[in-house]
Amino acid sequence: MTATHLGMPAFPAAAREAVRDDVLRANLRRATHTIRDKRARAVTELADWDRLRAAGKAVKDHTLRHLDHYLLRLEAAVTAAGGTVHWAADATEANRIVTELVRATGEREVVKVKSMATQEIGLNEALEAAGIAAYETDLAELIVQLGHDRPSHILVPAIHRNRAEIRDVFRTEMGRWGRPAPDGLGDDPRELAEAARLHLREKFLRAKVAVSGANFMVAETGTMVVFESEGNGRMCLTLPETLISVVGIEKVVPTFRDLEIFLQTLPRSSTAERMNPYTTMWTGLGPSKGADGDGPAAFHLVLLDNGRTDTLADEVGRQALRCIRCSACLNVCPVYERAGGHAYGSVYPGPIGAILSPQLRGTGSGIDASLPYASTLCGACYEVCPVAIDIPEVLLHLRERVAQGGPVTREGIRVRIRPARGHTAERAAMRAARLLLERPGALRAGERLLSRARRLRPRRLPGPGSAWTDSRELPRPPREPFRDWWARERGGRA
Amino acid sequence: MRAALFVTCVNDALYPRTGVAVVRLLERLGVAVDFPAAQSCCGQPQYNTGYRYESEPLLRRTAEALAGHPYVVAPSGSCVAMIREHYPRIGARAAAEGRGTELADLAAGLVPRVYELTEFLVDVLGVTDVGAHFPHTVTYHPSCHGLRALGLGDRPRRLLAAVRGLDLIELPGAEECCGFGGTFAVKNPDVSAAMGADKIRAARATGAEVLCGADNSCLAHLDGTLRRAGAPLRTLHLAEILASTDTTATATEGKHPR
Ligand code: SF4
């Protein structure tokens with residue numbers, strides 16, 4: 001995905017740094033626990049939550065099964081409404097399309113609505129390389145951008161920062177990008193929000209071009225839908241003359257009515273709100289071009305594949321494409337809470353990142369091969385997911401791919417990949433354990449050996465075992481295994 | 001009634017007292033217990049680490065060893081979840097790979113007969129008061145597989161609440177994972193240790209004497225963390241509490257620390 005994540009250390013090493021960062025752990029713990037408790041309450045308010053969840057899953061599955069059909073339909077509807085549709089197979093192509101579209105307007109800067117897809121392809125960096133400045137307008141994205149930082153959460157990209165850190169970033173950085181922070185800026189949330197509002201206002205009023213993503217695209221009408229909380233997105237979606245939306249192909253839904261489900265499940269799952277404060281919808285071009293749509297003067301839709309059709313070809317893994325990016329799974333994940341979002345080395349962190357990134361990018365790199373193991377399989381993510389993605393199931397499926405290799409689709413071609421490097425010793429150990437466990441005679445002998453050697457039990461183990469003994473004592477082997485007790489006490493009856 | 005005990009490999013090798021407790025408990029409740037000696041491991045370590053092919057022979061062994069028993073009881077939620085959730089998946093994948101339906105058939109034959117201990121007590125035997133006596137303060141950690149994969153609900157708590165002399169204290173954040181996660185504990189040791197430390201902090205804050213669980217793998221991780229920290233709290237498998245009576249209560253105390 002983005003260049004900024006290349007060369008990431010594998011998850012365990014990246015997580016080690018995060019676990020040792022007490023400020024980060026405290027920030028994350030506070031934020032995730034608050035939102036998860038609120039989410040739980042917001043969800044219990046709906047008596048038909050389980051049915052909404054099943055309906056959301058069904059709509060997404062249906063659309064994914066007939067994705068080619070709905071995308072063509074969408075293209076026809078957007079075109080009929082005066083918009084232009086572009087197809088991008090990968091990040092490079094999408095970045096090239098957007099850069100050319102911006103260049104054609106003659107502008108050197110764009111305002112951005114918070115969007116995962118543009119982060120996924122590294123659009124800001126690509127625009128910068130072409131001499132175009134991209135300004136993030138979502139408050140949390142602004143904090144990340146000003147702080148030369150990377151987002152660490154899908155919905156709250158600056159979740160790893162506390163208020164004092166944000167104040168410092170605003171004080172030192174805002175002036176370099178536009179209107180500086182007011183003198184004596186404090187760390188009160190209202191003060192911070194006001195500073196951001198003033199800083200951004202200038203940009204909204206000046207910008208001629210905006211770049212966005214979309215939460216949903218309606219195939220039947222060609223309508224684009226953005227859910228947000230702040231209203232900054234709406235400013236970008238309505239003020240500039242040209243709007244370029246980069247959207248993953250999995251975001252299409254068949255009809256307007258389908259939105260009804262997600263209008264209920266998405267806000268409750270993400271911000272624990274009953275309804276998101278701003279829902280902006282636009283279809284094709286607006287009245288300034290004499291069209292009867294309600295969009296801007298010029299509208300371009302860039303449909304992004306970037307590994308999605310390959311993911312769709314995998315019968316277990318494809319359910320990850322149901323994701324509506326609500327971030328509920330991040331907020332309940334005990335691993336995310338300790339490791340932080342950056343350890344995942346992707347714009348998609350947490351449980352969904354652990355299954356999405358290795359599918360979109362492949363399992364070739366160290367970080368991608370380690371992500372399916374970045375979970376205890378506790379199942380909390382599956383429990384909260386509003387579209388019922390069985391994340392643990394996909395994790396196991398991807399672990400298998402990493403450990404054993406197997407069939408995958410890459411750029412539309414079915415290939416068999418080999419096991420990831422570095423698993424030789426583990427494979428041998430798994431095999432040895434299986435051979436032992438398959439032969440009760442050998443197992444019994446092994447258990448007795450363990451019992452006899454109980455006095456020799458070391459406090460620290462060498463090699464991979466040291467990972468256990470660094471922080472925990474080993475279990476004490478018993479005097480005799482259970483099967484020996486059974487043979488002695490109840491043997492006559494077996 | 002007769003039931004076969006699937007003791008699980010971890011309990012067989014490291015926690016035989018849990019197996020002994022299940023045998024004594026079930027016998028006390030009038031159940032004749034069999035121990036099919038050909039059993040070994042359900043294959044969970046292999047499967048959960050990504051070695052599906054290595055788990056297949058263990059599926060076969062487990063299903064064959066436990067064949068013919070109308071009730072199979074295991075004192076481990078994660079092993080029961082392995083059988084119930086993943087055996088059918090392993091069978092289906094093998095069939096999809098053109099290797100026949102043998103594994104799928106074995107899985108289908110085994111799954112409906114396997115019970116986690118508290119399910120067997122509450123659902124099959126219909127008891128919540130098992131006649132136990134354990135005069136201690138206890139806090140209960142519901143392991144993730146029991147809680148979410150099996151949906152054990154309040155069965156363990158109801159069983160504990162009926163134990164004479166036992167004072168059950170709620171564990172704050174009980175539903176949060178302890179950080180064991182099988183090979184996760186060695187693949188991601190830092191996160192695992194941080195999670196374990198948070199769990200024992202919550203458990204110690206309850207002031208209970210005993211941290212009870214129904215999965216010895218999680219307890220091994222928590223017990224190891226507690227002992228490294230030198231904390232006075234001790235861990236105990238639910239079966240051992242349910243097996244204790246007036247006569248055994250003093251014997252279980254302190255004499256055989258885990
Ligand atoms: S996987 Fe599910 S819970 Fe996680 S972000 Fe996507 S929709 Fe939300």
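User: How do strand 5 and strand 8 of chain A pair, parallel or antiparallel?
Analyst: Parallel. In this predicted model, strand 5 of chain A, residues 216-218, pairs with strand 8 of chain A over 2 bridges.

User: Which residue in strand 8 is the bridge partner of Val218(A)?
Analyst: That's Val253(A).

User: OK, and what's the strand order in that sheet?
Analyst: The order is 8-5-6-9 in chain A, with 4 strands forming an open sheet and mixed pairing. Strand 8 (252-253) and strand 9 (278-283) of chain A are the edge strands, each pairing on one side only.

User: Which strands does helix 12 of chain A lie across?
Analyst: Helix 12, residues 259-270, lies across strand 5, strand 6 (223-228), strand 8 and strand 9 of chain A. Against strand 6 of chain A, the helix runs at about 20°.

User: Switching to chain B. What's the pairing in the open sheet there, parallel or mixed?
Analyst: Parallel, with 4 strands of chain B in the order 6-5-7-8. Strand 6 (167-169) and strand 8 (234-237) of chain B stand at the edges with a single partner strand each, so one side of each has no neighbour in the sheet. On average, neighbouring strands of this sheet are turned by 35° against each other, ignoring direction.

User: How many bridges join strand 7 to strand 8 in chain B?
Analyst: 4 bridges, with strand 7 covering residues 210-213 of chain B. Within that chain, Val210(B) stands opposite Arg234(B) of strand 8.

User: What does helix 12 of chain B touch on the sheet?
Analyst: Helix 12 of chain B, residues 216-229, packs on the sheet and touches strand 7 and strand 8 of chain B. The direction of helix 12 makes about 170° with that of strand 8 of chain B.

User: New topic, cavities. How many of 30 Å³ or more are there?
Analyst: There are 5. The largest cavity holds about 120 Å³ of space, and 18 residues line it. Closest to its centre are Cys333(A), Pro351(A), Ser375(A), Thr376(A) and Cys381(A).

User: Which helices supply at least two residues of that lining?
Analyst: In chain A, helix 15 (334-339), helix 16 (350-360), helix 18 (380-384) and helix 19 (391-404) each do.

User: And how does the lining divide by residue class?
Analyst: 14 nonpolar, 4 polar and no charged residues.

User: Last one: which residues surround the ligand?
Analyst: Among them are Cys323(A), Arg325(A), Cys326(A), Cys329(A), Cys385(A) and Pro386(A). Ile324(A), Ile352(A), Val387(A), Ile389(A) and Ile391(A) also belong to the surroundings, as does Ser327(A). By class, the shell has 10 nonpolar, 1 polar and 1 charged residues.

How values were computed. Residues numbered from 1 in each chain as written. Chains lettered and ligands numbered in written order. Predicted model: local features only at pLDDT ≥ 70, side-chain atom pairs only at ≥ 80, totals over all residues. Heavy atoms only, no water. 1 Å grid on protein atoms, 1.4 Å probe; cavity = no way out; pocket = protein on both sides within 12 Å on 5 of 7 lines; lining within 4 Å. Points joined across faces, edges and corners; volume = space filled by probe spheres on them. Nonpolar A, V, L, I, M, F, W, Y, C, P; charged D, E, K, R; others polar. Near = heavy atom within 4 Å. Pairing = 2+ DSSP bridges. Contact = heavy atoms within 4.5 Å. Axes fitted to C-alpha atoms, helices over the stretch in contact; angles between N-to-C directions.
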